Structures are given as C-alpha cells and as structure tokens.
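Please open the model in your viewer and keep the selection panel at hand. The stops below follow one another from an interface to a whole chain.

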Amino acid sequence: MLNQLTLTELVARLARREVSSREATQACLDQIQRVDGQIRAFISYDAADAMAQAEAADKALASGQTHAQRPLLGVPIAIKDVIAAKGQPLNCGSKILGNFISPYDATVVEKLKAAGAIVFGRLNMDEFAMGSSTENSAFQVTHNPWDLSRIPGGSSGGSAAAVVADECIAALGSDTGGSIRQPAALCGCVGLKPSYGRVSRYGLVAFASSLDQIGCFGKQVRDAAIVLKAISGVDHRDSTSVPQPVPDYPAALTGDIKGLRLGLPKEYGLGSPGSAGVSPASAGGLDPEVKQAVEVALKHLQNLGAEIVEISLPHTDYAIATYYIIATAEASANLARFDGIRYGARVAGADPIELYSKTRGAGFGAEVKRRIILGTYVLSSGYYDAYYLRAQKVRTLIRQDFLSAFEKVDAIICPTSPTAAFKIGEKADDPLQMYLMDIFTISVNLAGICGISIPCGFTAWPKLPIGLQLLGKPFGEETILRVAHAYEQSTPWHKEKPPLAS
Amino acid sequence: MDYEAVIGLETHVQLKTKSKMWCGCANEFGAPPNTHVCPVCLGLPGVLPVANEEALRLTALTGLLLNCSLPPYAKFDRKNYFYPDMPKNYQVTQYDKPSAVTGYLEFEFNDSLARVRITRAHLEEDVGKNFHFDRNSGVDFNRAGVPLMEIVSEPDLTSAVMAYEYLNALKDILVYGGVSDCDMEKGMVRCDVNVSVRPKGQSELGAKIEIKNMNSFSGVRKALDYEIPRQIEVLKSGGKLIQSTRRWDDPAGITEEMRTKEFAHDYRYFPEPDLMPFQPTEAWLEEVSRRVIELPLARKRRFIRDYQLPAADAQTFVWDRPLGDYFESIAKQAKSPKAAANWVINNLRAKMTESGTTLADVKFQPPAILELIELVENGKISSRIAQDVFTEMFSAGESPAKIVEKKGLAQVSDTAAIEKFCDEAIAANPGPAADFRAGKTAALNFLKGQVMKLSKGKANPALAGEILERKLKAGMETGN
Ligand SMILES: [Zn+2]
C-alpha cells in the first residue's frame, strides 16, 4: 500500500510515474479512516484540500516538473498543530484558540509547499507542546501504535504515531526539550531536531523561544534528510535563524562511518557493553532493556568502524532544573497573548481583568497553567537573579560541556528516553516523573545543538520500540545523519511495523 | 521653610520611519482603524519580530545629538503586563542595555544656558489604542508596533517652566535631526513626569511621585504647576508624601492618585529571546554619525556670533534651515551680513511665499543679492529702485547690474536734471510750496515725493531734497 512507502520510495515511484500523488494521498486518507479512530493522531484534516493539492502535484509532474526541482513533489506530509498553515485550524492542542484559522503560512509550510509537498492535517500534541506523553492535549489522547494502552510520547505524539501508523509519509513536529526525539523513540521512527537557528521558527507557535526548533519525522533516515534539506535555511522573518548554507543532507548518507569518533557521556549511566556505568543523572531511571539495547548499538557502531570515546558532560545534573526555569519563564510571556481579546475563545467578564482570568482559566489546561505560574514566579522581582539569571549561567555551562566534548568527538551517543512507552495515565499525576522522561533530550535544546533519534530495538514484552540518540555539533546535522543512516541500514529495526498499521 | 522641586522627565517619541518596528506595515497616522496591521503587529500565534534598522539608527542618532555614548552592546527585553491595547501582553523594550546612555541637553533658560543630563535613550514599541463606545469597546492596532523612543532625563529640572523649555528644546532637536515629527496633535510625543519636593538645602530627595502619560508640553507644565504646590502644601501641613503614581486630569486641572508603591506593577523583565543582541559595527556607527546635524541652539548662537545677526534673524535661519544655508552661502563674502540677512528674509522669503516656490526654483545665483546690496551702497540705485530690481531678478533671473542698465534704472545724480524736476514740482504744487515757506517743513517731503515721481524714482533722493530746499528758501528771500 502506498501509504506504507518511505518518502524515498514514494518519490522514486512518483518520478517514474508508476503512481500518482492522488493515489498516495488517498492511501494516507484511507489509512486514517481505517486506524485513526484507535490511534487518534489527527485532531483534524481536510481530505478535499489534500486531494486538491495532490491533483495539482500530479499536474506539475505531468507538465514535466521533476523531483530535482521540487524534491517533495506529490508527497503527503502532515503537520503538528503548533505550526501555522494558511486556511487551516491552529489550536496548539489547546481549547484557548477556539475556532482560530491561521491567516498565514509558517516559513516551513511555505517551503514544503514550494518543494511540492501535500501539506495536510493537524497532528495532536500536548497543549502548547508542554508534555512528554500527548496526554495534555485538550482534544484527545493519542495512542501508541505498538500498544494502544500506551502513550506515544510527546509533545509531538501525534506526528510520531501518524508516521508509524502509515497515516502520512512524513510529518513535522517541534522540539523544545525532546518533543520530536522522545515520541520518535517511543513510537519507533526517525525524529530529527535540527540545531537552533537551522530552521525558521516563523509560524511555530512559541513555547520557549530560545529552545524551540521545528524538525521532522520520517520512516527512515534518508526521508528525514530530504525533509530537513527542504525546510532549512535562514529566514528574514526570524532573526534567530542563522545564515549558514544548507548542505545536501541526503548526499551525506555515505554509509561510511569508519574512523568517526562517537562520545559516550559517562554521566548517562552507560558503559561499553558489559561494563557498569556510573549514573548520577538517571540513577534508577534508566530501564535495563533500554540500557542494554543502546549498549548493543554501541558495539554495532564499533563494528561499523566508529570509535567509542568516553566523554564528560559535568553539568548534566542541572539540565532539568535549568530547563524548567528558562522554558517556563519564556512560556509565561509567550502565552500571555492568548487573552480572548483579538482571537480565540473568549469568556466574557465585567472588565478586562475578569475577561482575562475567565478566558485563560477556562482555556488552558492544568500543565500549561502550572508552567505559566512557574515561569511567572521565576521572573518575579526578587527571584529573577536566583532563578532566571542563574539558570542562564548554568545553560552557558551546559553548552560549554557539549562544545568541549565536540572538540574530541564527532557525535555523541546515548539513549533517547530512559524507558519505553508507559501506560496512558501512569504518570499523569506526577509531573516530576514526567519531566524526568526528558533527561537525555533536554540538554540538547539548552545547548542549541542537533539530535536525532532512530530505532535500536524493542523491549521483550510487550514489544515496544527503543530509541538511540545521536547528538551533533551546532550545524553538524550531516554527521549525525550519516551515523544514523549507517546504523539503520545495517540493522533490521526500521523495517518493523506495528501490527495495527498493516 | 522654603521648598524646591526636583523633576525628571521620561519623554516618549514616535520615530519617523516608513514602517513599523517589527513588521512591514506602514507607520502612518490617521488611517481607518486596523488597516495598517498584519499577523506580526497583531501578535497572532507563531509570529516573530524583526527589528527595524532605521529605528535603531534614529535612536543612535538621537544619542549622538544628545551627547550620549552608544554602548557596544544593546538588547531588547520583554516587559510583561496585560492590557487590551497590547497585542502580545508584553512590550518589547530595552530594559538594562539601552541604545544610548549618559548625555546632556542644553537649552536657553532665564537668559542663560541650562544643562539637563540625559540618563538614556532606548527603543521600544508603541501599543494600540482603546476606544470606548456606548455598549462596547474596540481596539485600533494601527499604532501597535510603531517605533517608540524613550528619552529619560536625570532629575535636573527645578520648575514647571524649566520642564516646559526642556521639552521644547528636545522637540526642536528631534525635529531638526529628522528623528521624529513630534506632532503632538497626532500623539507622537507623550511624557511621564517624576517630581518630588524637599526643603531647600536638603540633599536627599523627597518621595518620588510619577505623573503618567501626558500628551502635550503645556499639559506637563500645568500638571507641575498643580502638583508642586500640592506636595509643598502636604509637607507644610505636617503630612507625609509616599512614592506613588498619579494621573493628570486635564479638564479638571488636577492630578489624582492611581496607585501607591506597594501596588506597583512587577513587569518581570527578561531578555527578548526572539531578537539577537545589537552590537553596532564601526561602519554602522560611521553611517549614523554622518547624519548628525548642527543642533538648533548651536546654530543660533553661531549665527549671532559669526554674522552679528539679531536673535530673531538667527532664529529664523534655525527654523528654516535651507534658508539659513542659503544665507550662509553668501554671508561670508558680505560686507554687511545683516543687510544680506534682511534681503534673504524680507525679500527672498516673502517672494517665495507669495509665489509658492522654494529655493530650488530661485532663478538668480545667490551672490546676485550681494551685487544688489553693492549697487545701493554705491548710490547706483535707490533702495526703492532696488526693490524693483529684486522683483525683476526673481522673475527673470538676470543679474542686478544688467537689469539696472537695461531698464535705465540708474540713480540720477545729475544736478541739472534734478533741478529741472524740482522746478516742475514747485510750479505744479504752489500750495505745498507756500506751506513750506510758511514754516511747515513737512511739506518738503511731499515735494520730494513729486520729484521722485517725475524722475520715475531715479532721482537721488538726498540730492533732490537739498535742491528743493535751496530753491524754496531762495524764493523766500527774493519774495517770489
Ligand atoms: Zn504589521
């Protein structure tokens, strides 16, 4: 079935005119019909609009346009509900935006359209990207395609589940503390978080502006490389995007990683296969099966010619606290605009203050409120120096840790998530336990570097995907893609499908 | 006990840019509500700001005009508070790293030069405007995101009128430098005032009271005229003042308390993560410094000093800068710069106003004015004729000498010819001639006028007077 193809395979077939974009798009829509009642990855989608785009793509193909010109021509790609697409709802998994329809395209959506993609669907997420399970969505709970009683990870749980359930060919997500990599790991697909500044944030509804980055989900590494190439680049509408040339990412997938040096952070509790790691950061948190799968992957990478080097990231223990100060501080301001005055849902009040509190009281969920309150607190007069300012200093140290490490190694290797997918509701009442799910992903955002999660095995029972994470230097996406691709192509994991999908 | 006031001003000025601070929308007053808006200035979900370069340049330029230093590192911050006219419910401003710091402004006050220290000038964004109707309210976001500069003074002002003069001097500089039009009718300037009073001779300051959001300089003066005596009265009657914020009620002519310190806003400033810190390069600073103009006061004083002009003329050349430049282009060669100034102001400017033209349209070369003055000084033409020559110069662009020659306008100093005109005038006007003889000396002016008329203005008026007087007196002696 066409919806099961990788992006690379679909492009090849479209290019050979063996299939049409309409057929591929229809196959995705059919799959949504078939499985999304159980998965619940999509908040909404406009089938007619998707088919109209597909028809336009088929015309473009018929008129001689090639994938050399438009690399995603005819490929259905679904979008996390936090990225603006003109004429489509933009809810950020929240009630507070009401019936808001975006009047503009995010830069990434413009770029996808320019590259010929069929941009469709609004993928479920934790409200305003705050969460690690997608349970904080105001719309629905998304279910892990490998076990419907489990969470898909988050906050881009809808994106990961939709790709793994073959409801779309690829998807966009956003990653503020692991929101792409962690659900990719828990659902068993490829999730790429680019370096800060690599991809324009214009049109991404901000959670934490200095940490947010748009990235992509794919069924294999090459797919992610192709999408990354299409959405990257400096944008005059985003002052934090960086004028760094966009490399030909798919060309970096040589399969050859001989001599590459991969760093193993001693603080992450892993050792070379067999040896015991010391683990202050994740003591007790790292699941033995995850640990074992990652250690076997290390061995495999060594066999492929990579050299494993122990490195140190001494400020690891401070990452979660630092993150929750900076992210919530920025969020408290970023979410202030949702006030019921200009757009979105409104609960009337006798005066503006009452209108604000009623609107926001009714519109935001518990986790969002918790973070707004935290962020407001850490910025308050008298607390700013002790919290926000100190967190910024620690952030600099964490970034320094990585930059020093990258003087010795080409990439860093570690688990993506300390455990496989947990049960829906299991951690819902314990936000701190939930925050610990991001232990291996969060530092990457603080440091502004890039990271990718790829499948590296399964737990024994139930069979749940395990993710391997590769971290690269700022703008070092080519290296992590190359390592990820070499690993993927020499292992079977990416070929496994959840029973539901087929 | 005598009291004195200590006043500092925070002046908000809209910058003269084509577009808004973070987006491409027009920075233009008076359009229908919500027509100069886009996703960015409406604060829609997902948008990002991009700083307007020209606004950064104008702020730096203001810093240079106010003798400030321009720090090598400036940044933007978010100031958090909820208000319906604020699209994002935070205002992007420069909190602790402003674009310009520590300068001063000099202005004429009480016949001497006053100097007020400038703490800082920083850049921020304006907010929308709320409107209240019978049954509901609305917000116009055309103004939201217009570049706004805040200039903060040290508490160096001591009276309402001094504050007023400071504001006018500041406005002159900003208008002069092309930084802002400072049109108060259009709300381009707004002030917050910090005022306290203390017993004369006391060094520590009294409780600081802020009066918010006045949109005219006269409003500031009136508010201070009310507030200073009010504070003194409180102290005199044994009361205590506490740090607070007040509102000026213009129609009522009073200030009233809005909130005290304990209810002060906590704005929770933090660095704006969507914008990079601003670190001006040498080349950028060089470009801005090329736009520095001579300050109005400096120009006025220089014109008075270098050209011995009366203050009023110097001021005219300050206000009308092109006219002043025109004057300067000939003043250095002028024997009497004052005379040249008179011609430029009273004749050239008047003619341009009359004909609705500008300096660019003037047909003659500037030194022609000096030639014209020379012709009068040398007695070649009378001042009266000079007016006609100027009119001709203005309309045709020919040189004054050529016009005098072509039209035969040279002054007649030939005694024989003037004697003939005098005889004719006396003969034709026996009445006034008799009056003069009877002792009414004023009648001579009438007869002189007749001679000028007969000579078509060319007779040398002094010579005509002499001859007339001689002839009339001679008549008296002979008994004619
Ligand atoms: Zn705009």
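Two residues are taken to be in contact if their C-beta atoms, placed from the backbone, lie within 7 Å. This is a predicted model, in which local features need pLDDT of at least 70 and side-chain atom pairs count only at pLDDT 80 or more, while totals for chains, interfaces and linings use all residues. Residues are numbered from 1 along each chain as its sequence is written, and chains are lettered from A and ligands numbered from 1 in the order in which they are written.

Begin by selecting the contact between the chains, to which chain A brings 34 residues and chain B brings 24 residues. On the side of chain A that touches chain B, highlight α9 (319-334) and α10 (352-363), the elements of chain A that give two or more residues to it; helices are DSSP runs of H or I with at least four residues, strands are runs of E with at least two, and both are numbered from the N terminus. Of the elements, α9(A) gives the most to this side, with 3 residues.

Next, select chain B by its domains, whose bounds come from an automatic or database domain assignment: domain 1 covers 3-288 and domain 2 covers 415-478. The C-alpha centres of domain 1 of chain B and domain 2 of chain B are 70 Å apart.

Along its principal axes, the C-alpha trace of chain A spans about 65 × 60 × 45 Å.
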